[in-house]
Amino acid sequence: MKRALSLGIVFFGSCIVGTILFAVLFMFSCDLSMFVTGLSSSFFSLHFFLTGLLIAFPLACIISQVLFVLYLIRHHGGVLLPLIMHIVFGLMIWLLFIPVDLHLISRYGSDDISTRVSETSAGVFRKEDHGIFYYSRVSEEGLTDGIFIDTSGFLGQEGSVIPFFDVPFNNESAFPYSDIIIKNSIQPPAIVTFPLTIYGAVLTAAQYSESSGFLHWLAFASMGLALIAVFGVQFASSWKLASASSVVSTAIAIIFINYLYYMNIMPGLFKEISAKLSQVFGAKDPLIILINLLLFVLLVVFGVFMGIYRERGDGFMGE
């Protein structure tokens, strides 16, 4: 009982802490997207924070699944009880927690979040692709006076200073931020934005599947079945670091494979197979179901074999 309680605390604690942490980061990201140098701004927004909770919760749950297995690698103590709890937690995540969260997202909406503003401030030099803008006046209607320093020869002579009056303000070059200064200062590298792009695409596919009915959701949730089977990868090596790396790599690979499918980034052969399977089974996504089931079976077989090999004589099925 004590072991079960500690494992429950680890799992649900990581879900709660992860959701709050990611929600705070989401809130700050939205705030920075709306921040304009020289204008007052508040860095706490209850609306953004609550929206961040909904958007971050599925990610926190998936990461908690992986962290649960990593915790078992670090604190080994039998297999049967952790396996049962891992399966129960996985089923709760994919059949209850995430679908409910996606329903709340679709109900309360996240598309109405405006993370950019069409405002700017005077008295600040802003460097863009072709030169430097300096606004000496910004009217309430969005008209600006100032000068443009042509540093690239875009409008003629390089280094020329061009005054302008009553020109409508345009901040498209700052996208996805509202101020080019903020974009040039804090825009994260691809190693950060690419995983977020993957998560955003998978989340969009999850929302569509959840809104299309229970059977469509089960097709999408087959990814969760494959992630549950990652439990067996912890026995990949007698070295804990190698096992932990294998668990993380396998989980990332499963998510990435599903991302490629839902983004339709597949070789032509797979697209043809997917189309034929859809005609045969009358389902929308039979190929990804088969892929995830295949991954599930392979990981289960691997886990059973390696688990028996690693744990023989140590009470593989006992506490």
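Helices (DSSP runs of H or I, at least four residues) and strands (DSSP runs of E, at least two) are numbered here from the N terminus.

## About the model

This is a predicted model, in which local features need pLDDT of at least 70 and side-chain atom pairs count only at pLDDT 80 or more, while totals for chains, interfaces and linings use all residues. Residues are numbered from 1 along each chain as its sequence is written, and side-chain values use heavy atoms, with hydrogens and water left out.

## Helix 3 and helix 6

Let's begin with a pair of helices. Helix 3 and helix 6 pack at an angle of about 145 degrees, and their axes are 10 Å apart. Here the axes are lines fitted to C-alpha atoms, for helices over the stretch in contact, and angles run from 0 to 180 degrees between N-to-C directions. The crossing of helix 3 and helix 6 is right-handed; a crossing gets that name if the near helix is turned clockwise from the far one by less than a right angle, and is left-handed if anticlockwise.

Which residues meet between the two helices? Helix 3 brings His-86, Ile-87, Gly-90, Leu-91, Trp-94, Leu-95, Ile-98, Pro-99 and Leu-102. From helix 6 come Trp-217, Leu-218, Phe-220, Ala-221, Met-223, Gly-224, Leu-227 and Ile-228. Contact means heavy atoms within 4.5 Å.

## A nonpolar patch on the surface

Ile-87, Leu-91, Leu-95, Phe-214, Leu-215 and Leu-218 form a nonpolar surface patch, with about 580 Å² of accessible area together. Helix 3 (80-108) and helix 6 (214-228) are the elements that give two or more residues to this patch. Patches are built from residues with over 30% relative accessible area and no salt bridge, joining like charges within 9 Å and nonpolar side chains (Val, Leu, Ile, Met, Phe, Trp, Tyr) within 5 Å. The areas come from the Shrake-Rupley method with a 1.4 Å probe, and for residues only the protein chains shown count as cover.

Leu-218 counts as partly exposed because its relative accessibility is 35%. The classes are buried (under 20% relative accessible area), exposed (over 50%) and partly exposed in between, with a 1.4 Å probe and protein chains only. Not counting residues up to four places away in sequence, Ser-222 touches Ile-288, Ile-289 and Asn-292.

## Salt bridges

How many salt bridges does a search of the whole structure find? The search finds three, where a salt bridge is a side-chain nitrogen of Lys or Arg within 4 Å of a carboxyl oxygen of Asp or Glu. One of them joins the side chains of Asp-179 and Arg-126 (3.1 Å, N to O). Asp-179 lies in the loop between strand 4 (161-168) and helix 4 (180-186) and Arg-126 in strand 1 (residues 125-127), so this pair ties together parts 53 residues apart in sequence. Asp-179 is buried, at 2% relative accessibility, and Arg-126 is buried at 3%.

Arg-137 meets Asp-145 in a salt bridge at 2.6 Å, N to O, and Asp-166 in another at 2.7 Å, N to O. Because Asp-166 lies in strand 4 and Arg-137 in strand 2 (residues 131-138), their pair ties together parts that are 29 residues apart in sequence. Through shared partners, salt bridges join Arg-137, Asp-145 and Asp-166 into one network.

## Around Ile-147

Ile-147 is found in strand 3 (residues 143-150) and counts as partly exposed at 28% relative accessibility. Leaving aside neighbours within four places in sequence, Ile-147 is in contact with Ile-132, Phe-133, Tyr-134, Val-161, Ile-162, Pro-163 and Phe-164. The C-alpha atoms of Ile-147 and Ser-136 are separated by 7.9 Å, and the two residues are eleven apart along the chain.

## Backbone points to check

Most residues other than glycine have a negative phi, and most peptide bonds are trans. Asp-166, not a glycine, has a positive phi of about 50 degrees. Asn-264, not a glycine either, has a positive phi of about 60 degrees; Asn-264 lies in the loop between helix 7 (240-262) and helix 8 (268-281) and is partly exposed at 45% relative accessibility.

Phe-175 and Pro-176 are joined by a cis peptide bond, with omega about 10 degrees. Pro-176 lies in the loop between strand 4 and helix 4.
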